[in-house]
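Here are some notes for a colleague who is opening this structure for the first time. They are set out as numbered points and can be read alongside the display.

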Amino acid sequence: MQIKKSVKASLEDKKFTYLLMGFVFVLSICFVALEWTEKEVTKYEVQDMDFLIEDEIEIQQTSQDVTPPPPPPPVQEVEVLNVVEDEKEVAHVEINTEENKEEIIIAPPVEEVVEEEEEEQVIFMVVETMPEFPGGQQALFKYLSENVKYPVIAQENGIQGRVVCQFVVNKDGSIVDVEVVRSGGDASLDKEAVRVIKSMPKWNPGKQRGKAVRVKYTVPVNFKLQ
């Protein structure tokens, strides 16, 4: 047998209504939960702003560093001047300027003298204008051939050779410091070459920057039997 229910006892017609009531109830709970706070917050409006400004000014003044006062200015000593009356006699002092006059003697600088002495001692090997025998090289060779005397000992022994002599031509053209830098193979030949060179007349001195200087010069002297 089937159990029969009355139409009034059926809940299908009220299903939508109950659904709407459930939504309303859930929304109300959410609203209450969002608006709920633990305590109330009260806001106070400050009417007197001058009071706050004064407090802030007082705090700033207390936080600043206190600078010490500047030291007092030094006391200046006042010199006491003795005023002499016109009636009193004052000792008169005469200053003799003639005694203070002294003759000023300007001595020549020492450095220049030292430089000149050093220049005199300097011997150049090569200069702008080399020293020259009067008349040139041909006159020099002619002078050597005419004035060289062949040593008898060397001539008897058949000794021949070439002696290279070196000497210094001074600023005035005189010949000094003659020496043999290469021997001709016999002492007699070397001695004769030195003698002839020492007997030469003054040369035309060498020049550097237009100024006469000392120059070292080399001359060969040939000894050859005919």
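1. A place to start is V127, which touches G206, K207, Q208, V213 and V215 when residues up to four places away in sequence are not counted. Please keep in mind throughout that this is a predicted model.

2. Where does V127 sit? It is found in the loop between β1 (123-124) and α5. With a relative accessible area of 8%, V127 is buried, because the limit for that class is under 20%. R209 lies 82 residues away from V127 along the chain, yet the C-alpha atoms of the two are separated by 8.7 Å.

3. Neighbours within four places in sequence aside, K224 is in contact with Y150 and Q160.

4. Next, a pair of helices. Two packed helices are described by the angle between their axes and the distance between the axes. For helix α5 (residues 137-147) and helix α7 (residues 187-198), the angle is about 125° and the axes are 10 Å apart. The two helices are therefore oblique to each other, as an angle over 145 degrees would be needed to count as roughly antiparallel.

5. Which residues of α5 and α7 meet? From α5 come Y143, L144 and N147, and from α7 come E192, R195 and V196. By class, this contact has 3 nonpolar, 1 polar and 2 charged residues. As for handedness, α5 passes α7 in a right-handed crossing.

6. Turning to the whole protein chain, how many helices and strands does it have? There are 7 helices and 5 strands. Read from the N terminus, the order of elements is α-α-α-α-β-α-α-β-β-α-β-β.

7. The protein chain has 226 residues, of which 18% count as buried; V127 is one of the buried residues.

8. A last point concerns contacts along the protein chain. Among those with a separation of 6 or more, 75% are between residues 24 or more positions apart.

Key. Residues numbered from 1 in each chain as written. Predicted model: local features only at pLDDT ≥ 70, side-chain atom pairs only at ≥ 80, totals over all residues. Heavy atoms only, no water. Axes fitted to C-alpha atoms, helices over the stretch in contact; angles between N-to-C directions. Helix = DSSP H or I, 4+ residues; strand = E, 2+ residues; numbered from the N terminus. Parallel < 35°, antiparallel > 145°, perpendicular 65-115°, else oblique. Left-handed = near helix turned anticlockwise from the far one by under 90°. Contact = heavy atoms within 4.5 Å. Nonpolar A, V, L, I, M, F, W, Y, C, P; charged D, E, K, R; others polar. Buried < 20%, exposed > 50% of the residue type's maximum accessible area, 1.4 Å probe, protein only.
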